[in-house]
Amino acid sequence: MIETKNINFYYGDFHAIKNISMKMEPNTVTAFIGPSGCGKSTFLRLFNRMNDLINNTRLEGECLIKSKNIYDKSIDVDELRKDVGMVFQKPNPFPKSIFENVAYGLKVNGVKDKKFIAQKVEESLMAAALWDEVKDKLHKSAFELSGGQQQRLCIARALAVAPSVLLMDEPASALDPISTSKIEELIHQLKSNYTIVIVTHNMQQAARVSDKTGFFMMGELVEYSDTKKMFLNPDKETTQNYITGRFG
Amino acid sequence: MIKKISNIVIKQLLTVSGAITGIAILFISIFLFKEGIGFFNSPAVEKGYSLYVHASNPINELSSKEIKEIFDSEITNWKTVGGNDEAIKIFRIDEIFQKYSEEELGKDYQLLPEKLGEEIKSDKNIIAYIPQKYAPTLTKGIKVLHIKHLTLSDFFLGKEWLPTATPSPLFGVMPLFLGTLLVSILAIIFALPLGLGVAIYLSELANEKIRKLLKPIIELLSGIPSVVYGFFGLVVLSPLVQKTFHLSVGETALTGSLILAIMALPTIISVAEDAMRNTPRAMREASLALGATQWQTIYKVVIPYAKSGISAAVVLGIGRAIGETMAVLMVTGNAAVMPTSIFNSVRTIPATIAAELGEAPAGGTHYQALFLLGCVLFLITMVFSIIAEIISKKKNY
């Protein structure tokens, strides 16, 4: 599904991603862990070309999604982002109603059929396990929701445009434990339909939700293997040290 | 201890400076309105002059408009103003000198009041405009015409602004008010789309280098004195307008509004750009991550988010346009007539105040009328501020 080949990424002179090659299978959850500043978020943001927005950056290598190099000139970035949805660290709903938030992606992609939009909004909110909580106040402001609800709204918003990949950049870091467990539950459910890549600094979370885990440090992918193996019997000592909390 | 004292001192200083500012503003407004309101207690003839008619004339009072029309020979019959069906005979003091020689009027015109009285008495259809200094000594056979006070409708609905006409000046604010509105609205029509366009370009599209170069230059433009803009308008813009539209004069409402638009642009651009750049990065990213194009992100997320800042930009722009004096004074042609097209010369309220206050005798009707204009201007800008406040407070969500 996603494959990177010898990716190097620079912020100006800073070498942020060092020669990373890895593969992610469809309908799996892959977690990226590592200390702050290790490049895991930067790496994640390469998959929907979010780093394009930052000036003075440079990329080497190839990033393939569905066997196509997404940095190829023939790629339409807007189309790519429709297929590769993203959920951000902090809930960032638009200053619009709950309904409009979810409908936004459809509307900007030219969907006009109101019935279809309403149906999609309902489906997406259901998929994000938010429908029952908001069905009576769809036209209220998204800011009236709690932080956890807002984050699930952002997931629903991402799901509405029917992506095949869902990128999550520390989606629960700003949430309380109950909201976090709801999000994790949700990730489990979504796995059957989406390929999910999640960045987290919470190792228990990575252990709970992911099939495979990549451990990043100083811009390098130190170890990448099945989550179980990674947490029980890592190959490298650095990984062992990080997981057991000796640093980071 | 010292910390405590300095804390108290700073607190007091801040309070005092706040109070002083408040009092100053209050004082200015009160002064403005007090002088302005005096206008409605003034008779509508030049100070020091009176109007006299024959005692048998049933007319006791006239309004300023009637007086003006009588002396302009637009009203020629007493019937028109509610009197007898007789032709009006206008008498001005100059006529007495054609009838009598200087000797007959005596030393220092001692006999002038008497002669004037006789003159008025001799014609029952006469209306005489005479300085009070030479008020006729005769009391029988003549009477002083009472002149109505200027009314709200004289001022606000009057279509003629002739503050120095004799005997009865007209203070109709309509042409000035419309002139101000015309020039300001046109200016905003020119400046707003352009200003917002540049603001969007600077905040969303331009790369960092261009932005860092352009922003200070644009901000510098708002610091140029308005008289310089006026000069530019007079020398460059006005001939250009004249040539382009084949007009007899280039000083028109259009020229004024163009210059105002140029002047309002820096404010609009800089305030709107700041507002748009304050849109959180997370909002833009969320929109782009959903497959929205950059343009969709701008008009569906950035602009709504920056709405209150943008409306502040608009109000500051309008405020500048309405209140601007010097540049408009120089390029609009200063004709206080009802504007009928954008190619007419017009005159705005601030330009009128600036141009006429120096010539208006302090405390006179004209002087008070100018203060009243100031009040009108004050109220217009206040209305705009309130509207802007309402718009910017209104949340989308």
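Guide: Helices (H or I, at least four residues) and strands (E, at least two) are DSSP runs, numbered from the N terminus. This is a predicted model, in which local features need pLDDT of at least 70 and side-chain atom pairs count only at pLDDT 80 or more, while totals for chains, interfaces and linings use all residues; side-chain values use heavy atoms, with hydrogens and water left out. Residues are numbered from 1 along each chain as its sequence is written, and chains are lettered from A and ligands numbered from 1 in the order in which they are written.

Visitor: How many helices and strands are there in chain B?
Guide: Counting DSSP runs as just defined, the tally for chain B is 15 helices and 8 strands.

Visitor: What radius of gyration does chain B have?
Guide: The radius is taken over C-alpha atoms, and the globule rule is 2.2 Å times the number of residues to the power 0.38. For 397 residues, a compact globule would come out near 21 Å. The C-alpha atoms of chain B fill a box of roughly 95 × 70 × 40 Å along the principal axes. The radius of gyration of chain B is 29 Å.

Visitor: How far apart are the centres of domain 2 and domain 3 of chain B?
Guide: Domain bounds come from an automatic or database domain assignment. Chain B is divided into domain 1 (2-41), domain 2 (49-148) and domain 3 (174-393). Taken over C-alpha atoms, the centres of domain 2 and domain 3 of chain B are separated by 51 Å.

Visitor: Is B:Tyr201 buried, partly exposed or exposed?
Guide: B:Tyr201 lies in helix H6 (residues 174-205) of chain B. Buried means under 20% relative accessible area, exposed over 50%, and partly exposed in between (1.4 Å probe, protein chains only). The relative accessible area of B:Tyr201 is 33%, so this residue counts as partly exposed.

Visitor: Which residues is B:Tyr201 in contact with, leaving aside its neighbours within four places in sequence?
Guide: Contact means heavy atoms within 4.5 Å. A separate C-alpha distance, 8.8 Å, is found between B:Tyr201 and B:Glu273, which are 72 residues apart along the chain. With the sequence neighbours left aside, the contacts of B:Tyr201 are B:Ala206, B:Ile210 and B:Leu214.

Visitor: What radius of gyration does chain A have?
Guide: Chain A has 10 helices and 10 strands, and its C-alpha trace spans about 55 × 45 × 30 Å along the principal axes. A compact globule of 248 residues would have a radius of gyration near 18 Å. Chain A agrees with that value because its own radius of gyration is 18 Å.

Visitor: What share of the residues in chain A is buried?
Guide: For chain B, 45% of the 397 residues count as buried. For chain A, with its 248 residues, the buried share is 54%.

Visitor: How far apart are the mean positions of the positive and negative charges of chain A?
Guide: Lys and Arg count as positive and Asp and Glu as negative; His and the chain ends are not counted. The place of a charge is taken as NZ of Lys, CZ of Arg, CG of Asp or CD of Glu. In chain B, with 35 positive and 32 negative side chains, the two centres lie 15 Å apart. In chain A, with 32 positive and 30 negative charges, the separation is 2 Å.

Visitor: What phi does A:Lys66 have?
Guide: A:Lys66 sits in the loop between strand S4 (57-65) and strand S5 (68-69) of chain A. A:Lys66 counts as partly exposed because its relative accessibility is 43%. Although A:Lys66 is not a glycine, its phi is positive, at about 50 degrees.
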